[in-house]
Amino acid sequence: MAKTIDGAETPDAAGTGAGAAAGADAGTGGRRERKKAATRQAIADTALRLFLERGYEQVGVREIAEGADVSVSTLFNYFPQGKEALVFDEDARNEAALVRAVTDRPSGQTLPGALRAHLTGFVDSGHTRDPRFADFRRLVQETPALREYSRTMWLRHEHALARALADQSGRPADDLLCAAYARFTLETLAFAGSHPDPVAAVDQACLLLDQGWTAATAVDDPSS
């Protein structure tokens, strides 16, 4: 679930003036963002509940809006991509987190090490432990529109990760090694998701990927 953190300037000694005004503005902004996040989550939760209960094709957007107590126009304000996006409400956050795992990794951590840590955290997160997760996967697999949306989303994440890997490793933007590594990294999630011990599955898959990346970059250094 999306979370926001308030930030505000420290007010002056009298608790008034520019510092207090800035703090009040930040507090108002924080409340507004929390309300927007809560509304967005309510819409997505309502959509998923109805889809799991009755099937994706049997539920209309108007019914979802009514269940979330918002107008249809408000629903599309939050999800302008359409009905499929309601199922993948964490899409943008997941892509950003995947890229940040590479670009914001701790000093001294390797690219494979950063991705291994990120994937391990993802498959061991509250989302994947949610009792509805298996039903969610089944919903996507059994619904053509969702399968296609998921495939397009997956490719976008793959390309974003490949660009980040190329940038962080000093390789060309269209580097095939980075593109292949990004694809196999994301395939690791699919592999782990079908395994009874997803953390162990990620560990073994990443062991193989790490060795391949290390060997390939050692013999194919673009700076040499």
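User: What percentage of the 224 residues in the protein is made up of buried residues?

Analyst: In this model, which is predicted, buried residues make up 34% of the 224 residues in the protein.

User: Which kinds of elements does the protein have, helices or strands, and how many are there?

Analyst: The protein has 10 helices and zero strands, and reading along the sequence therefore gives the pattern α-α-α-α-α-α-α-α-α-α. Among contacts between residues at least 6 apart in sequence, 66% join residues at least 24 apart.

User: How is one residue read as buried or partly exposed, for instance glutamate 95 and alanine 134?

Analyst: A residue counts as buried when its relative accessible area is under 20%, and as partly exposed when the value lies between that and 50%. Glutamate 95, whose place is in helix 4, counts as buried because its relative accessibility is 17%. Leaving aside residues up to four places away in sequence, glutamate 95 touches Arg156, His157 and Ala160. Alanine 134, which lies in helix 7, is partly exposed because its relative accessible area is 43%.

User: How far apart are alanine 134 and glycine 193, in sequence and in space?

Analyst: Alanine 134 and glycine 193 are separated by 59 residues in sequence, while in space the distance from C-alpha to C-alpha is 9.2 Å.

User: What describes two packed helices, and at what angle do the axes of helix 4 and helix 5 cross?

Analyst: Two packed helices are described by the angle between their axes together with the distance between those axes. In this structure the axes of helix 4 and helix 5 come within 8 Å and cross at roughly 145 degrees, and the crossing of these two helices is right-handed. On the side of helix 4, Asn94, Ala97, Leu98, Ala101 and Val102 take part, and they meet Leu111, Ala114, Leu115, His118 and Phe122 in helix 5. By class, the residues of this contact are eight nonpolar, two polar and no charged.

User: How does the lining of the largest pocket divide by class?

Analyst: The lining of the largest pocket has 21 nonpolar, 13 polar and 11 charged residues.

Conventions
Residues are numbered from 1 along each chain as its sequence is written. This is a predicted model: local features need pLDDT of at least 70, side-chain atom pairs count only at pLDDT 80 or more; totals for chains, interfaces and linings use all residues. Side-chain values use heavy atoms; hydrogens and water are left out. Ala, Val, Leu, Ile, Met, Phe, Trp, Tyr, Cys and Pro count as nonpolar, Asp, Glu, Lys and Arg as charged, and the others, Gly among them, as polar. Axes are lines fitted to C-alpha atoms, for helices over the stretch in contact, and angles run from 0 to 180 degrees between N-to-C directions. Helices (H or I, at least four residues) and strands (E, at least two) are DSSP runs, numbered from the N terminus. A crossing is left-handed if the near helix is turned anticlockwise from the far one by less than a right angle, and right-handed if clockwise. Contact means heavy atoms within 4.5 Å. Buried means under 20% relative accessible area, exposed over 50%, partly exposed in between (1.4 Å probe, protein chains only).
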